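Keep the structure open while you read.

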Amino acid sequence: MTKEDGTKPGVATETRQSPKDAVDQILDQWRRERPDLDLSAVGVFGRLGQLSLLLTPILEGVFAQHGLRRGEFDVLAALRRSGPPYTLIPSALAKTLMLSRAGMTNRLDRLEADGLVERRLDPTDRRSFRVALTDRGHEVVDAAVTDHAANESRLLSALTPDERETLDHALRTLLQAIE
C-alpha cells in the first residue's frame with residue numbers, strides 16, 4: 001500500500017545523513033563478517049550505551065557542584081516533587097526510586113547527616129516515621145534541579161525541537177514495551 005505521493009506509510013521521505021561514528025565502524029565490521037544478521041537494533045543499543053557512558057559523569061558533575069551524589073539528588077528531588085509539606089514515608093521513597101529499603105536507609109543517613117532531610121515520627125502511626133525535606137535541603141535541591149535542567153537542555157541542543165519530541169516519543173514507547 002502506498003500514499004498518493006508514491007511513498008509507503010511510516011517510511012520517511014527525507015533523511016539526514018549523520019557522519020559515521022564508532023558504532024558505524026563496528027556495524028560495518030559485523031556486516032562484512034555476518035551479512036545475514038539484522039544489526040539495526042545493535043546500532044541503537046550501542047549508541048544508547050555509549051551515550052550513557054558519556055552522560056553519566058556530565059550529569060553527576062552538576063550534582064557534585066551542589067555537594068550531592070546522583071542518588072542523594074534523586075531522594076531530594078522526590079521529596080521536592082511531592083509538594084508541601086515535602087514529606088514521604090521511607091517505603092514510598094524507596095518504591096519511587098526503585099531502591100531496596102537498605103539502600104534507602106543509607107541515602108537517608110547521609111542526607112540527614114548533611115542537614116538536608118530529617119526523620120520525624122509519623123503523627124498517625126507512632127511506630128513509623130516520615131522523611132522531611134529541611135529548609136536547607138529545599139534550597140539545595142532547587143538550585144541543583146535548576147542547574148540540572150539547564151545542563152540537560154544544553155546537552156540536547158544539537159537536536160531540533162522536532163527531533164527532541166521524536167526521540168522522547170520513541171524512548172517512551174521503548175520503555176513501556178520493555179517494562
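Strands β1 and β3 run antiparallel and are joined by two bridges. Across that pairing, L88 sits opposite V131 of β3. Bear in mind that this is a predicted model.

On to the other pairing: β2 and β3 also run antiparallel, with six bridges between them. One to look up is E118, whose bridge partner in β3 is A132. The link from β2 to β3 is a hairpin of two residues.

Put together, the three strands make an open sheet ordered β1-β3-β2, with antiparallel pairing.

Where does T87 sit? Its place is in strand β1. Is T87 buried or exposed? Its relative accessible area is 15%, and buried means under 20%, so T87 counts as buried. Setting aside neighbours within four places in sequence, T87 contacts L79, S82, R120, R130, V131 and A132.

Now for the helices. Helix α3 (residues 70-81) lies across β1, β2 and β3, and runs at about 100 degrees to β3. It also meets helix α5 (residues 101-113): the two axes come within 10 Å and cross at roughly 85 degrees. The range for roughly perpendicular is 65 to 115 degrees, so α3 is roughly perpendicular to α5. On the α3 side, the contact is made by G71, E72, V75 and L76. From α5 come M104, R107, L108, R110 and L111.

Which aromatic rings pair up? The structure holds one aromatic pair. The rings are those of F63 and F73, with centres 4.3 Å apart and planes at 25 degrees, so the pair is stacked. F63 belongs to helix α2 (residues 40-65) and F73 to helix α3, so the pair ties together parts that are ten residues apart in sequence. F63 is buried, at a relative accessible area of 0%. F73 counts as buried too, at 5% relative accessibility.

N151 has a relative accessible area of 7% and is buried. What does N151 touch, not counting residues up to four places away in sequence? The answer is I58, L59 and V62.

| Residue | Location | Relative accessible area |
|---|---|---|
| F63 | helix α2 | 0% |
| F73 | helix α3 | 5% |
| T87 | strand β1 | 15% |

Finally, confidence. The chain has a mean pLDDT of 90, and 91% of its residues reach 70 or more. Where is confidence highest, and where is it lowest? Helix α6 (residues 135-155) has the highest, at 98, while strand β3 (residues 125-133) has the lowest, at a mean of 88. Over residues 5-14, pLDDT stays under 50. For residues 5-14 the model has nine contacts beyond four places in sequence. Where pLDDT is low, the predicted coordinates should not be read in detail.

Technical notes:
Residues numbered from 1 in each chain as written. Predicted model: local features only at pLDDT ≥ 70, side-chain atom pairs only at ≥ 80, totals over all residues. Heavy atoms only, no water. pLDDT = per-residue confidence, 0-100. Helix = DSSP H or I, 4+ residues; strand = E, 2+ residues; numbered from the N terminus. Contact = heavy atoms within 4.5 Å. Pairing = 2+ DSSP bridges. Axes fitted to C-alpha atoms, helices over the stretch in contact; angles between N-to-C directions. Phe/Tyr/Trp six-rings, centres within 6.5 Å; stacked < 30°, edge-to-face > 60°. Buried < 20%, exposed > 50% of the residue type's maximum accessible area, 1.4 Å probe, protein only. Parallel < 35°, antiparallel > 145°, perpendicular 65-115°, else oblique.
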